[in-house]
Amino acid sequence: MTGRVSRRALLFALGGVGLVTGCGDGHATWHGAGDIPGDSRPGDAASAGVTDSASPLVVPPANPPQPGVCPAPPGVEQKPGGPQYSLPCRGTDIALTVDDGPDPTYTPKMLALLAQQGIRATFCMIGRSAAAHPDLVKRVLDGGHHIANHTFSHPMNIAKMPAGAVHTEMARATDAIAKAAGGGYRPRLFRSPGGAWSSTVLGQCSALGLHPLDWSVDPRDWSRPGVQHIVTTIMKQTHPGSIILEHDGGGNREQTLTALGFVLPKLREAGYTFAQP
Ligand SMILES: [Zn+2]
């Protein structure tokens, strides 16, 4: 986000609450090592690093939600026992998933935006970040959101790892989230980094009682493609049953927050309801 969305438009989209107060460079770090790639599948069409144009932001109209009409996500096939790409086709439900946190800069902003919109989401947390920020884990749960296991260290390709290492990544993340959350909470969903699935990963999900969760709408927000790209992708690709992928960790997430400030009210106005997988 480079400040080309007018502040007036931004405040309008946010109902004047001003949750996102600046569009400059953030200072979030990722374990001291800079940004990490987010969770898009390799080969997704959108390109990284595209900046906003100078033209005013346009929010396309939402696809009218027709209950019971749920187009299959493009390029993926739902198989029994495989990862879940969309919600069961009923009603007007869609889901928002928020990956790679908790992050001390962006998770509180995300929580404020979701509270303002009355939306409950699913936060796919990295175990070591949960261990580092137990207060944020509790705040996410206090907001009525769910937490999914997103591995302990976010490996680049868990689908190529042997069973023992996969098991360790998943089990350590569950333990870290459970310890941070307290009260006996344990994640029941597993979101694989980068949507990388293998029979080994799915087998470990089964062994650990974790339901494999994927997504169907991905604007590659982690690559900071510009607020317009994030807004357009979500508005054009969202249908009943969609599971939208966003991020609140792994780098500067101001574009994500700004874009969601525009699209979440529009989706609600169009009749969509937010559910949790
Ligand atoms: Zn991730």
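In this predicted model, the zinc ion is coordinated by D39 through two OD contacts, by D100 (OD), and by H150 and H154, each through NE2, at 2.0 to 2.3 Å. Along the chain, these donors follow the spacing D-x60-D-x49-H-x3-H. Within the set, D39 and H150 link distant parts of the chain, being 111 residues apart. D39 belongs to the loop between α1 (7-13) and β1 (93-101), while H150 belongs to the loop between β3 (146-149) and α5 (163-181).

The two residues of this pair can also be described by their accessibility. D39 counts as buried because its relative accessible area is 0%, under the 20% limit. H150 is likewise buried, at 0% relative accessibility.

| Residues | Arrangement | Distance |
|---|---|---|
| F190 and W197 | edge-to-face aromatic pair, 75° between the planes | 6.0 Å centre to centre |
| R172 and F152 | R172 over the face of F152 | 3.8 Å from the ring centre |

A search of the whole structure finds one aromatic pair, formed by F190 and W197. Both F190 and W197 are buried.

Turning to the fold as a whole, the protein chain contains eight helices and seven strands. Of its 277 residues, 53% are buried. Among contacts between residues at least 6 apart in sequence, 79% join residues at least 24 apart. The protein chain exposes about 11500 Å², and carbon and sulfur atoms supply 54% of that area.

Key. Residues numbered from 1 in each chain as written. Predicted model: local features only at pLDDT ≥ 70, side-chain atom pairs only at ≥ 80, totals over all residues. Heavy atoms only, no water. Phe/Tyr/Trp six-rings, centres within 6.5 Å; stacked < 30°, edge-to-face > 60°. Buried < 20%, exposed > 50% of the residue type's maximum accessible area, 1.4 Å probe, protein only. Lys NZ or Arg CZ within 6 Å of the ring centre and 35° of its normal. Helix = DSSP H or I, 4+ residues; strand = E, 2+ residues; numbered from the N terminus. Contact = heavy atoms within 4.5 Å. Areas by Shrake-Rupley, 256 points an atom, 1.4 Å probe, with all protein chains shown as cover. Donors = N, O, S within 2.8 Å, 3.2 Å for Na, K, Ca; no water.
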